[in-house]
Amino acid sequence: MGKVFALCTQKGGTAKTSSAIEISAWLAENNYKVLLIDLDQQCDSTRNSGIKTPMYSIHEVFQQDCKIFDAIHKTQWYDVIPASPILSKSDQIYTERDDIYLLKDVCEILLKKYDFIIIDNPPARNVLLNMTYIAADYIICPTLSDDNSIRGIIAVEQDLKKLRESRNKESHAYIIGVLLTIYESTNSHKKALDNLKKITAALPGDVFISTVRKTIKMAEVKTLCMPLQAYEKFNNASLDYKKIAKRIIDIYEEDMNG
Ligand SMILES: Nc1ncnc2c1ncn2[C@@H]1O[C@H](COP(=O)(O)OP(=O)(O)OP(=O)(O)O)[C@@H](O)[C@H]1O
Ligand SMILES: [Mg+2]
């Protein structure tokens, strides 16, 4: 049985997709079976993993218009269930009471085959984010250094707490890590790190903080539709994601053995 790790924040451009891809690539490099589920209508994780015109997406899976395993695309690095632009209408499509469990049900089946399911989320507070909170075992929040972005972490915890404490205990997920992305060693980034330490200290449980250094190569690999991990393993940002993947593996192994 595997575990579900989700990259979440409603703030845009915080490197959710880049983090989902790089973490997936490093986990796969460590010989784990990894599935990346793209829930973002922008389809960035799908495209940036080299998948161009997929026949099926997570939307068809939810609608039972295809078999779950028919929607899985194999890449050289990890497997992907693509997103679809139609997910922009998710709040109008997934309106039935039980729709919020769709992703959890899909993950439960897939976790028999994969060690890790990594979920890339859209920068929105919509039904898909709720599905993620219900399906996930662990949440990782990537943030930029500005206050608005950092406040996004508090919003995630507030929404998770509501679900954890709801009558049916809809979620069992906690934030386990915060990534300060596109990091430079400037005073403002160092201040942001101090701010993050205060914020994570107030969150329940142990929350790791990791930085991911800025690199011009991240834009390059988006054009090449491949992980930076596969392009430049020793790039600073690659090495940062390698450490993050190691932390995730430690949490996974502890969970499996404990
Ligand atoms: N370590 C990095 N160094 C430099 N640029 C980066 C780094 N990580 C991400 N970026 C760039 O930042 C931008 C946003 O990254 P990304 O698309 O991963 O964010 P996102 O949170 O998924 O965005 P959205 O909210 O639109 O889904 C992209 O142009 C990406 O190439
Ligand atoms: Mg994204």
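Thr-215 counts as buried because its relative accessibility is 16%, and the cut-off for a buried residue is under 20%. The model is predicted, and the values below are computed from it.

Thr-215 sits in the loop that runs between strand 8 and helix 9. Its side chain takes part in two polar contacts described here. In one, a polar atom of the Thr-215 side chain is 3.0 Å from the backbone nitrogen of Lys-217. In the other, the side chains of Thr-215 and Asn-235 are joined by a polar contact of 3.0 Å. The backbone of Thr-215 is involved with the ligand: one of its polar atoms lies 2.9 Å from a nitrogen atom of ligand 1.

Other residues also contact ligand 1 through polar atoms. In the side chain of Ser-18, an N or O atom is 2.5 Å from an oxygen atom of the ligand. For Gln-42, the distance from a polar side-chain atom to an oxygen atom of ligand 1 is 3.2 Å. Ligand 1 on its own exposes 630 Å², of which the protein buries 80%.

The shell that surrounds ligand 1 holds 17 residues, and the closest of these are Gly-13, Lys-16, Thr-17, Ser-18 and Thr-215. Sorted by class, the shell contains 7 polar, 5 charged and 5 nonpolar residues. Three elements each supply two or more residues to it: helix 1 (16-29), strand 8 (208-213) and helix 9 (217-224). Helix 1 gives the largest share, with 3 residues. Thr-215, by contrast, belongs to the loop between strand 8 and helix 9.

The view can now be widened to the whole chain. The chain has 11 helices and 8 strands. A compact globule of 258 residues would have a radius of gyration near 18 Å, and the chain has 17 Å, so the two agree. Along the principal axes, the C-alpha trace spans about 50 × 45 × 40 Å. Of the 258 residues in the chain, 55% are buried, and Thr-215 counts as buried too, at 16% relative accessibility.

One annotation comes from a database record. An unreviewed UniProt entry lists residues 3-170 as "domain: AAA".

How values were computed
Residues numbered from 1 in each chain as written. Chains lettered and ligands numbered in written order. Predicted model: local features only at pLDDT ≥ 70, side-chain atom pairs only at ≥ 80, totals over all residues. Heavy atoms only, no water. Near = heavy atom within 4 Å. Polar contact = N/O pair within 3.5 Å; in protein donor to acceptor, adjacent residues only side chain to side chain. Areas by Shrake-Rupley, 256 points an atom, 1.4 Å probe, with all protein chains shown as cover. Helix = DSSP H or I, 4+ residues; strand = E, 2+ residues; numbered from the N terminus. Nonpolar A, V, L, I, M, F, W, Y, C, P; charged D, E, K, R; others polar. UniProt positions renumbered as here; feature names shortened; annotations may be inferred. Rg over C-alpha atoms; globule rule 2.2 N^0.38 Å. Buried < 20%, exposed > 50% of the residue type's maximum accessible area, 1.4 Å probe, protein only.
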